[in-house]
Amino acid sequence: MLPESIEDGGIVTLRLLLPSRDIGAIIGRKGATINSIREESEAKIKISSSDQDTGTYYREIILSGTIGQTVAASYLIASRLEENSSEQGEDVRLEILFPNSITGAVIGTKGETIKELRTKTNTQILISHEVLFGSTDRSICVSGASTDIRECVRYLAAILHENPAKGNHVPFRVNSHIQMQRPGRIIHQGAGNPPRRSMSSGAFTKGAATQSSTDTMTVQKELIGCVIGKNGIKIRQIRDLSQAQIRISSPGDDPSRTITISGTPDAVSTAKYLINYQINNELKKSP
């Protein structure tokens, strides 16, 4: 069940994931917009750095303070995204990182809490089926008008405040794929270092034109399952996180499967690292 009352003075930390293409609208010219959000909300706000070598698709925004302050900051961010939208009336999407041990409190018994939350706040809420790569976090995506998102985030912040994370919490890091190593049992065709993004690529400008590239990976058949995941969950996560188009060849007599990855150089690079991450974990399980 949702909290009957919310104490706005409770201290929380909210972690948002935002596509890099939208971050410029939040920071503003010479930091004017983010400084205004800090001043108006009184929340502490930290934005993860952009890695120029790997071109991370996401940036993390960490909001710290009281429930009232962090909710105000998230609303101002959602409002700015709403203003920056290319289509009038388009729903805003805010992605929030939640420790896996707490998501049960968001879902509730037989999904009752999340159903009530959707109805009460008039928002669409999707929770990732599994934890994000290299972490014990799950992603909660809230879509709707900025005013509705504010109410939804207020309840989520209250749940976060009332339910401390259990066990060893490993936060998701947007740059974590930089540390992934390529296992020797994978054959890369044309796979060099991640492409360097030029300063004039317009990566932070919404709707900017981007270069397209295609790369392939050849993976042994016995390892392809860890890339696809149960019911395709892992490959969907990889597509979502990297924003690349990924095709896997049909099974045949060949001892390996070919993965074709298309998209911007940043997206292709990220997808390759995430695929390698899955395979590295699988290889660690091998005797």
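1. Val-153 counts as buried because its relative accessibility is 1% (buried means under 20% relative accessible area, exposed over 50%, partly exposed in between, with a 1.4 Å probe and protein chains only). This residue is found in helix α6, residues 146-162 (helices are DSSP runs of H or I with at least four residues, strands are runs of E with at least two, and both are numbered from the N terminus). Leaving out residues up to four places away in sequence, Val-153 touches Leu-14, Val-71, Ser-74, Leu-94 and Ile-96 (contact means heavy atoms within 4.5 Å). Val-153 and Ile-67 are 86 residues apart in sequence, and their C-alpha atoms are 9.4 Å apart in space.

2. The basis of the note is as follows. The model is predicted, so that local features need pLDDT of at least 70 and side-chain atom pairs count only at pLDDT 80 or more, whereas totals for chains, interfaces and linings use all residues. Residues are numbered from 1 along each chain as its sequence is written, and side-chain values use heavy atoms, with hydrogens and water left out.

3. The chain has 9 helices and 10 strands. Of its 287 residues, 48% are buried. Among contacts between residues at least 6 apart in sequence, 76% join residues at least 24 apart.

4. The largest nonpolar core holds 42 residues, of which Ile-61, Ile-77 and Leu-156 touch the most other members (a nonpolar core is a set of buried Ala, Val, Leu, Ile, Met, Phe, Trp, Tyr and Cys residues joined through side-chain atoms within 4.5 Å). Helix α6 gives the largest share of this core, 9 residues. A second, separate core has 27 residues, including Leu-17, Ile-235, Ile-238 and Leu-283. Apart from neighbours within four places in sequence, Leu-156 is in contact with Ile-96, Phe-98, Val-106, Leu-117, Ile-140 and Val-142.

5. Ser-146 also lies in helix α6. With a relative accessible area of 4%, Ser-146 is buried. Its contacts, neighbours within four places in sequence aside, are Tyr-75, Ala-78, Ser-79 and Glu-82.

6. An open sheet is formed by 6 strands in the order β2-β3-β1-β4-β6-β5, with antiparallel pairing (two strands pair if DSSP finds at least two bridges between them). Strands β2 (44-47) and β5 (124-127) are the edge strands, each pairing on one side only. Strand β1 (residues 11-19) is joined to strand β4 (residues 92-99) by 3 bridges, and the two run antiparallel. Within this pairing, Leu-97 in β4 is the bridge partner of Arg-15.

7. The whole structure contains 7 salt bridges (a salt bridge is a side-chain nitrogen of Lys or Arg within 4 Å of a carboxyl oxygen of Asp or Glu). One of them joins Arg-154 and Asp-8 at 3.2 Å, N to O. Arg-154 lies in helix α6 and Asp-8 in the segment before β1, so this pair ties together parts that are 146 residues apart in sequence. Arg-154 is partly exposed at 24% relative accessibility, and Asp-8 is partly exposed at 31%.

8. A further salt bridge joins Arg-15 and Glu-60 at 4.0 Å, N to O. Arg-15 in strand β1 and Glu-60 in strand β3 (residues 58-66) are 45 residues apart, and the pair links distant parts of the chain. Arg-15 is buried, with a relative accessible area of 11%, and Glu-60 is buried, with 4%.
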